[in-house]
Amino acid sequence: CVSPEEKTYHPSNGLFTDAHVPDFDAYLALYKKSTEEPEEFWADVAQEFYWKKPPSGPMLQYNFDVNKGNIYIKFMEGAKTNICYNVLDRNVHERNLGEKVAYYWEGNSPDHHQNITYNQLLRSVCRCANALKLLGVKKGDRVAIYLPMIPELVYTMLACARIGAVHSIVFAGFSSESLCERIMDAQCNILVTADGVYRGDKLINLKKIASEALERCKERYVPVCCSLLSEEPLTNTDASDKLQVGQTTPWDESCDIWWDDLMDGVSDECEPEWMDSEDPLFILYTSGSTGKPKGVLHTVTGYMLYTSLTFKYVFDYHHDDVYWCTADIGWITGHSYITYGPLANGATSVLFEGVPVYPHVARTHTHTHTHTHTHTHSCLRVLGTVGEPINPEAWLWYYEVVGQQRCLVIDTFWQTETGGHVLTPLPAATPLKPGSATCPFFGVQPAVLNEHGEELEGEAEGYLVFRKPWPGIMRGVYGNQERFESTYFRKFPGFYVTGDGCRRDKDGYYWITGRIDDMLNVSGHLLSTAEVEAALTEHPSVAEAAVVSRPHAVKGECLYCFVTLKDHKEFNRTLMEELKRKVREKIGPIATPDFIQNAPGLPKTRSGKIMRRVLRQIARNEKDLGDLSTLADPKVVEVLFSQRCEAAA
C-alpha cells in the first residue's frame with residue numbers, strides 16, 4: 001500500500017499530535033513487521049495482558065488449503081488466560097482504573113441513566129457469574145442471551161466468559177422462530193431475556209417472544225429461562241398492553257425465574273475459569289446464502305488481542321477519551337467495539353439503549369454529549385462507520401456536517417467472521433479517500449483474485465480474499481466443519497474468501513464493491529436472500545419467490561422481492577401486506593421488504609437457475625442487460641420490466 005497523492009483528506013493540524021500511529025511511514029513500518037515478523041509482533045501485543053500460563057509455542061499455526069487437509073487456525077495454543085479477567089480485574093487491580101467510568105448507560109427514556117465504574121462492573125459480572133453457576137452452568141455450556149441494550153446484557157456476556165461458558169447473543173429484534181433456530185443450533189441450555197422493552201414509544205414483549213421460541217424448541221428443551229424486569233415501567237396508554245405475569249406475559253413455573261430472585265444474596269466475588277487460548281468464547285449467528293444462519297465461532301486469546309489492538313489503533317483511543325459505538329451488542333460490532341475491545345483498553349464508553357430520534361430528533365446531540373460537558377461537536381475527534389461502504393456523498397456529509405471538516409471518517413471493512421477491522425484507515429496515518437476502506441490492518445494480507453482463482457496485481461477488480469489468518473479470525477461454523485470449509489475456503493483453495501468483491505486502485509487502496517453471493521446488506525445488517533425467499537414462499541398464495549437488492553438512500557440496500565403466485569390467486573395490496581408481515585414474523589422487522597413485484601414468471605436458465613443478475617437490473621431499471629442467451633424464455637424480462645415497482649410497497 002503506497003501513500004496516495006490526490007483527492008485525499010488529511011487530519012487537521014494538532015488533532016492527533018499524540019497518535020499511536022503518527023504517520024503513513026509509521027503505519028508501513030508496523031505493517032511490515034506484522035507480516036514479516038508476526039511472531040515478534042504479536043508477542044509484543046500479548047505482553048499487555050495477564051497469562052495464567054504464558055505462551056511458549058508458536059504464535060500461529062494454520063491451514064487455508066482444503067487440498068491439504070482440514071482447515072484450522074490456532075493462535076498461542078497452550079497458553080491460559082481469561083478474557084473477563086483481562087478486561088475487568090486487570091483494569092481494577094493492575095491499572096488502578098476501578099473508579100473510572102466504564103459505561104455511561106442511557107435507557108430508552110432520557111430519565112433512565114446510570115454511570116457504571118469498573119469496580120461496579122466487576123462486582124455485577126461476578127454476581128451474575130455466580131448466579132449462572134447456581135443454575136448449573138459450567139465451562140463449555142452455551143448460554144443464549146436475548147436482551148436489549150441494558151447493563152445486564154454486558155454483565156451476562158462477561159459472566160459467561162468468566163466461568164468459561166459460551167455466550168450466544170441473539171439481537172432482540174429477531175422473531176421467535178429466528179431465536180429458536182439459534183438456540184437449537186447452538187444447543188443452549190439457558191436463555192436470559194427480559195420481560196419487555198420499549199423502542200421509542202413502541203412496546204415489545206420480549207418474554208412472549210422468548211416463550212414462543214422455547215415452545216418451538218421442545219425437542220431440545222431449554223430447562224431455564226431467566227427473565228429481567230425492565231428498568232422502564234412497561235405500561236402504555238392502552239392498559240391491555242401492560243406486561244403482567246400470568247396475563248399477557250407467559251410464565252412457566254417449571255423453568256422460568258426472575259433475575260432479581262436469582263441474584264438475591266449471591267457473592268460479588270468469583271474466581272475466573274482459566275481458559276486455553278483456543279477454547280470457545282462465543283457463537284454469533286450471521287446469515288448464510290442457504291437461508292440457514294451460520295454460527296460463527298470465536299475463541300479466547302486471538303479475539304482478545306485483535307479486538308484490543310484494532311480498537312486502540314483504529315480509533316486512536318487515549319485514556320481520557322469518551323467513546324460511543326451506536327451498534328447493538330447483538331451484532332459483531334457490539335461484541336468487538338462496545339464490550340471486549342473498549343474494556344480491554346480501559347475505555348469509557350456510552351451504552352445507549354434507545355433510538356436516536358426518541359423522544360426528539362436532537363436526542364443524541366443533547367444527551368450523550370453531556371458526558372463530555374459540551375453541547376457542540378467540538379469534542380469529536382474520530383468518526384467511524386461500519387456495515388457497508390458509504391458512498392462518497394454520504395462520506396462528505398459525515399465529514400463536513402458532523403465532523404465539521406476536522407474529524408476523520410474511519411470507514412472500515414470487516415465481518416462477523418473476521419472478529420475485527422481488517423481493512424481500515426488509521427486516523428493520523430492514512431490519507432483518506434471518500435468511499436474507500438483504504439489499507440489492511442496489521443497482520444492482514446489481502447489479495448484480489450479473478451473468477452479462475454488467479455491473483456491480480458496492481459490496479460484490479462475481482463474477489464477479495466485473504467492469504468493468511470490473523471489472530472481474531474473465526475475458528476469455524478459451530479458444529480459444521482463442512483459448511484465452514486465450503487463457505488470460506490473451497491472456492492479458492494489457499495485463501496479465505498470474504499464473499500465480497502473489491503477494486504484496488506493505483507495507490508493500493510481497497511474499495512469494496514459489494515456481495516458476490518446472494519446476500520443483502522440492509523442498514524448494516526447482513527441478510528440472506530434465501531431466508532427471505534423461504535418466508536415468502538410459506539404464504540399459501542406464493543408459488544415461487546426471488547429476492548434481490550435495490551439501492552436505498554438511507555439503508556444502503558433494501559429488499560426488492562419478485563413473487564410468482566399460484567393459479568387463480570390475486571396480487572393486491574392485501575397480499576403485499578400479508579407477505580411483509582410473514583417476513584417480519586419469520587425473520588424480524590429489519591428484513592421487511594420495501595418492494596414486492598408480481599412476477600408471472602422469473603428469468604431462468606435452461607437448467608432452471610434463476611438469473612438474479614437480471615432481476616437486480618430490473619429492480620434498478622437498468623436496461624442494458626448484456627448476454628441473455630442462456631435464458632429459457634427472454635420474453636419474461638420484458639414483462640417484468642413493464643410491471644416493475646417505482647414506489648415502495
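1. Start with Asp316 and Arg381. Their side chains meet in a salt bridge, 3.3 Å from N to O. The pair links distant parts of the chain, 65 residues apart. Asp316 lies in the loop between α9 (300-314) and β16 (322-324). Arg381 lies in the loop between α11 (363-367) and β18 (382-385). Both Asp316 and Arg381 are buried. Please keep in mind that this is a predicted model.

2. The wider count comes next. A search of the whole structure finds 28 salt bridges. In general, side chains of opposite charge can pair when their charged atoms come close. Some of these contacts join up: Glu177, Arg216, Glu538, Lys582 and Lys586 are linked in a network of salt bridges.

3. Look now at Glu451 and Lys491. They form a salt bridge, with the closest N and O atoms 3.3 Å apart. Glu451 sits in the loop between β20 and β21, and Lys491 in the loop between α13 (481-488) and β24, so the pair ties together parts that are 40 residues apart in sequence. Glu451 has a relative accessible area of 46%, so it is partly exposed. Lys491 is partly exposed too, at 45%.

4. Glu455 and Arg467 are another pair to check. Their side chains meet in a salt bridge of 2.3 Å, N to O. Glu455 belongs to strand β21, while Arg467 is in the loop between β22 (460-466) and β23 (476-477), so parts 12 residues apart in sequence are tied together. Glu455 counts as partly exposed because its relative accessibility is 35%. Arg467 is also partly exposed, with a relative accessible area of 28%.

5. The sheet deserves a look. Which strands form it, and in what order? Five strands make an open sheet, running β21-β20-β22-β24-β25, and the pairing is antiparallel. The edge strands are β21 (455-456) and β25 (510-515), each of which pairs on one side only. Strand β24 (residues 496-504) pairs with β25 in the antiparallel sense over five bridges. Asp500 stands opposite Arg515 in β25.

6. Pro425 is a buried loop residue. Its place is in the loop between β19 (408-411) and β20 (446-449). Is Pro425 buried or exposed? It is buried, because its relative accessible area is 1% and the cut-off for buried is under 20%. Leaving aside residues up to four places away in sequence, Pro425 touches Val314, Val409, Ile410, Asp411, Thr430, Leu432, Ala437 and Thr438. Phe441 is 16 residues from Pro425 in sequence, and their C-alpha atoms are 8.1 Å apart in space.

7. Backbone geometry is the last topic. Most residues other than glycine have a negative phi, and most peptide bonds are trans. A cis peptide bond joins Tyr358 and Pro359, with omega about 0°. Pro359 lies in the loop between β17 (348-352) and α11.

8. Gln405 has a positive phi of about 60°, although it is not a glycine. Gln405 is found in the loop between α12 (392-402) and β19. His568 likewise is not a glycine, and its phi is positive, about 70°. Where does His568 lie? His568 is in the loop between β29 (556-565) and α15 (573-586). His568 counts as exposed because its relative accessibility is 84%.

Technical notes. Residues are numbered from 1 along each chain as its sequence is written. This is a predicted model: local features need pLDDT of at least 70, side-chain atom pairs count only at pLDDT 80 or more; totals for chains, interfaces and linings use all residues. Side-chain values use heavy atoms; hydrogens and water are left out. Two strands pair if DSSP finds at least two bridges between them. Helices (H or I, at least four residues) and strands (E, at least two) are DSSP runs, numbered from the N terminus. Buried means under 20% relative accessible area, exposed over 50%, partly exposed in between (1.4 Å probe, protein chains only). Contact means heavy atoms within 4.5 Å. A salt bridge is a side-chain nitrogen of Lys or Arg within 4 Å of a carboxyl oxygen of Asp or Glu.
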